[in-house]
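Thanks for coming. I will go through one structure this morning, starting with a helix and ending with the charged pairs. Please look at the sequence and the model first.

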Amino acid sequence: MTEVTVRPLMTDNVNVIKAWKTGKNARNRIGTLWSKDGELWSHHYKIGVRTKAGVCVIADWSLEDRPSIYNTETTLTHIKLAKRYADTVFHQLVCESSPLFMDEVPF
């Protein structure tokens with residue numbers, strides 16, 4: 001049996017976010033914003049999660065304590081745009097303890 005690889009839709013930032021909202025994979029042309037398997041990413045940061053129920057949650061990261069080597073201004077712009085389309089927005093403190101935004105179980 002052969003595997004079919006589907007390339008993500010390549011589009012602009014707004015349509016990447018709209019694709020994420022509907023559960024589709026997409027990325028912008030320069031690869032700084034992408035959605036994959038229900039997660040929305042900007043550079044090295046997971047900024048959004050689409051739950052199994054289809055609820056889209058955006059992390060309102062401040063990124064103040066992040067290294068200056070990352071382009072945090074672009075990520076903050078992506079977050080601001082995604083907040084317009086999200087069903088709910090989590091404060092940074094909620095994200096830091098939420099299993100939606102953590103890759104490991106705390107216990």
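This is a predicted model: local features need pLDDT of at least 70, side-chain atom pairs count only at pLDDT 80 or more; totals for chains, interfaces and linings use all residues.

The residues in question are T72, T75, H78, I79, L81 and A82. On spacing, an α-helix has 3.6 residues a turn, so residues three or four places apart point the same way.

A check on the geometry of α2. The helix has twelve residues, 72-83, and at 1.5 Å a residue it should span 16 Å. The C-alpha atoms at its ends are 16 Å apart, which agrees.

Next, the core. The largest nonpolar core contains 23 residues, and I17, L40, I47, I58, W61 and F101 have the most contacts inside it. At least two residues of this core come from each of α1, β5, β6 and α2. Take I58 as an example. Leaving out residues up to four places away in sequence, I58 touches, among others, W20, L40, I47, I79, A82, V89 and F101. I79 and A82 are also on the list of buried α2 residues.

Now the cysteines. C56 counts as buried because its relative accessibility is 0%. C95 is buried as well, with a relative accessible area of 0%.

The search of the whole structure finds three salt bridges.

One joins the side chains of K21 and D87, at 2.8 Å from N to O. K21 is in helix α1 and D87 is in the loop between α2 and β7, so this pair ties together parts 66 residues apart in sequence. Both residues are partly exposed, K21 with a relative accessible area of 26% and D87 with 46%.

Another joins D60 and K83, at 3.4 Å from N to O. This pair also links distant parts of the chain, with D60 in strand β6 and K83 in helix α2, 23 residues apart. D60 is partly exposed at 29%, and K83 is partly exposed at 33%.

The remaining pair is E39 and K46, whose side chains meet at 3.1 Å, N to O.

Notes:
Residues are numbered from 1 along each chain as its sequence is written. Side-chain values use heavy atoms; hydrogens and water are left out. Helices (H or I, at least four residues) and strands (E, at least two) are DSSP runs, numbered from the N terminus. The expected span of a helix is 1.5 Å times one less than its number of residues. Buried means under 20% relative accessible area, exposed over 50%, partly exposed in between (1.4 Å probe, protein chains only). A nonpolar core is a set of buried Ala, Val, Leu, Ile, Met, Phe, Trp, Tyr and Cys residues joined through side-chain atoms within 4.5 Å. Contact means heavy atoms within 4.5 Å. A salt bridge is a side-chain nitrogen of Lys or Arg within 4 Å of a carboxyl oxygen of Asp or Glu.
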